[in-house]
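Please look through the sequence and the model below, and then read the report that follows with both in view.

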Amino acid sequence: YNTFIKDEQFYFNKLREVSASNGFLEHYSNSLISGKLCQLFSKQQSIELSNPLSQEMAYLRNSLVPGLLNAVSINERRQQSRFKLLEIGQIHKKVESIETTSVESSSFALVWYDNANPHWRELPQFDIYQAKRDLFIILSKMGCNNLKLKETDALGFEYALEIKNKKIRIGIIGLISKKMLKQFNINNDVILFDGDLQKLTSISEKNIHRFKTISQFPVVTRD
């Protein structure tokens with residue numbers, strides 16, 4: 001009976017499992033941020049709370065990126081030299097044309113950080129090519145089989161690539177700009193992917209798994 005009930009968290013959990021198998025640690029950020037942070041990585045109009053606890057938590061986030069960069073800054077100060085982070089969460093944007101004046105959507109983001117700290121194992125340093133490899137492995141396991149890259153401009157990024165599966169835009173991956181790194185007190189390069197989880201879920205749901213019966217005749221081999 002349970003197989004006929006749609007599990008809304010199924011693809012969220014699948015993304016967590018696939019990312020964890022590729023070395024990502026899940027991070028949780030506060031969904032309330034300041035108005036200043038709202039303007040850094042998204043052009044979407046943010047939603048202000050009517051009675052905020054403080055100015056640092058006066059808006060519903062419109063991007064996962066500021067929270068992840070805060071996490072990178074904290075880990076860097078604690079002398080963590082190499083890590084990969086995943087965050088899955090809801091973001092909000094203001095839309096005056098609808099009754100509720102707000103739209104909530106599911107998003108996910110990935111971070112690669114490596115300050116090239118010498119190690120006896122001589123691990124390859126995280127760069128944009130390594131990040132693309134990890135991302136393509138994750139997306140392919142989520143059902144994206146026709147991925148395409150295109151260079152694009154993105155707010156807060158020094159260099160960015162748009163990623164599509166056929167004609168569906170999944171997100172962007174690139175290097176965070178030096179200006180943004182300075183604002184978050186980060187001393188080394190950060191590679192980040194910002195993606196639309198609802199579009200990724202819609203692609204995964206369209207995948208059809210077909211099964212066929214095993215042949216009743218044994219395989220014939222010659223000596």
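In this predicted model, the largest nonpolar core has 30 residues, and those with the most contacts inside it are Phe41, Leu69, Val72, Phe157, Ile176, Ile186 and Val190. At least two residues of this core come from each of α2 (35-38), α3 (65-77), β5, β6, β8, β9, α5 (178-183) and β10, and α3 gives the most, with 5 residues. Apart from this core lies another one, of 28 residues, among them Ile128, Ala131, Leu147 and Ile173.

The strands can be considered next. An open sheet is formed by 7 strands in the order β1-β5-β6-β10-β9-β8-β7, with mixed pairing, and its edge strands, β1 (25-26) and β7 (147-152), each pair on one side only. β7 pairs with β8 (residues 157-165) in the antiparallel sense over 6 bridges, and Lys148 stands opposite Lys164 in β8. Across β5, β6, β8, β9 and β10 lies helix α6 (residues 197-206), which runs at about 90 degrees to β6.

What is the count of disulfides? The count comes to 0 disulfides.

| Residue | Relative accessible area |
|---|---|
| Cys38 | 3% |
| Cys144 | 2% |

Because buried means under 20% relative accessible area, Cys38 at 3% counts as buried, and Cys144 at 2% is buried as well.

Technical notes
Residues are numbered from 1 along each chain as its sequence is written. This is a predicted model: local features need pLDDT of at least 70, side-chain atom pairs count only at pLDDT 80 or more; totals for chains, interfaces and linings use all residues. Side-chain values use heavy atoms; hydrogens and water are left out. Two strands pair if DSSP finds at least two bridges between them. Helices (H or I, at least four residues) and strands (E, at least two) are DSSP runs, numbered from the N terminus. Contact means heavy atoms within 4.5 Å. Axes are lines fitted to C-alpha atoms, for helices over the stretch in contact, and angles run from 0 to 180 degrees between N-to-C directions. A disulfide is a pair of cysteine sulfur atoms within 2.5 Å. Buried means under 20% relative accessible area, exposed over 50%, partly exposed in between (1.4 Å probe, protein chains only). A nonpolar core is a set of buried Ala, Val, Leu, Ile, Met, Phe, Trp, Tyr and Cys residues joined through side-chain atoms within 4.5 Å.
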